[in-house]
Amino acid sequence: MEVAPDIHAVRVIGASAFLLVDDELTLVDAGHRGSIRMLRAYLARIGREMHDITRIVCTHGHPDHIGGVHEIAAESGARVHMHPADMERLRIPLRDVLSGRPAPGAIIAYLTRAPDDAAPLTDGQIIPVLGGLQVLHTPGHTPGSICLYSAERRLVIVGDILQRMRGQVTYPNYVFTDDMGLARRSITRLASLEIDTILFSHYPALREGARDALRSLAS
């Protein structure tokens, strides 16, 4: 479904991915393993093909966002991009998972296969699609969580740094968030931006009151 001009929300296994449509295609997140079938069917409906995807941007390293990366990259030839902090997190050794009190984030990272040879995304980097999408490093849910911000469109793709519960924008899931204090500081950063539309990975888009909702969380 086209949720904004040239931005399609594609239902994949476990989440929604976003397909950014230009001469070449950029895919934001990839769902769980097996999501390639759903993506392939969606591309056929809009008259595009897998090899049109040249870039896969990962908002963070949880399996419902990167599980499908390997198969999609292999078929399309797309380059995978991820923040280095999550690439490092996904290489966590078992001894670190078992040391002290096991945390869900550490266990998930240990069980998740990292993308092969991902290109690093850095804070402030501009991805050349839709007039330029700015990478915002928004750690907390995971160490390398990112958002993608379009100042021109006053729009942000937030991955899992935000949820909508009973229609209200709120903090990320407590169980699966590594550092809630850091996540709140990241949300404060988002609240300083001019934002009209928030695109979530697991919830409907918010098109009204987005900035007020962010400011309320940040206060």
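Figure 1. Q134 stands opposite Y149 in β10; strands and helices here are DSSP runs numbered from the N terminus, with at least two residues (E) for a strand and at least four (H or I) for a helix. The model is predicted, so local features need pLDDT of at least 70 and side-chain atom pairs count only at pLDDT 80 or more, while totals for chains, interfaces and linings use all residues. Residues are numbered from 1 along each chain as its sequence is written, and side-chain values use heavy atoms, with hydrogens and water left out. Strand β9 (residues 133-137) runs antiparallel to β10, joined by 4 bridges; two strands pair if DSSP finds at least two bridges between them. Strand β11 (residues 155-157) is also antiparallel to β10, through 3 bridges, and S150 has L155 of β11 as its bridge partner. The hairpin formed by β10 and β11 has 4 residues between the strands, and R154 in the turn has a positive phi of about 55°.

**Figure 2. Burial of β10.** Because 5 of the 5 residues of β10 (residues 146-150) are buried, the strand is largely enclosed by the rest of the structure. Buried means under 20% relative accessible area (1.4 Å probe, protein chains only). In a regular strand, side chains alternate between the two faces of the sheet. In β10, I146, L148 and S150 on one side and C147 and Y149 on the other are all buried.

Figure 3. Seven strands form an open sheet of mixed pairing, in the order β1-β2-β3-β4-β5-β6-β7. β1 (2-4) and β7 (119-120) are at the edges with a single partner strand each, so one side of each has no neighbour in the sheet. Strands β2 (residues 7-12) and β3 (residues 15-21) are antiparallel over 6 bridges, and R11 has S16 in β3 as its bridge partner. Helix α1 (residues 36-45) lies across β1, β2, β3, β4 (25-28) and β5 (53-57), at about 140° to β2. Helix α3 (residues 69-76) packs on the sheet and touches β4, β5 and β6 (79-82), its direction making about 160° with that of β5. Contact means heavy atoms within 4.5 Å; axes are lines fitted to C-alpha atoms, for helices over the stretch in contact, and angles run from 0 to 180 degrees between N-to-C directions.

**Figure 4. The largest nonpolar core.** A nonpolar core is a set of buried Ala, Val, Leu, Ile, Met, Phe, Trp, Tyr and Cys residues joined through side-chain atoms within 4.5 Å. Among the 31 residues of the largest one, L19, L27, L39, I53, I56 and I72 touch the most other members. Helix α1 gives the most to this core, with 4 residues.

Technical notes
Buried means under 20% relative accessible area, exposed over 50%, partly exposed in between (1.4 Å probe, protein chains only).
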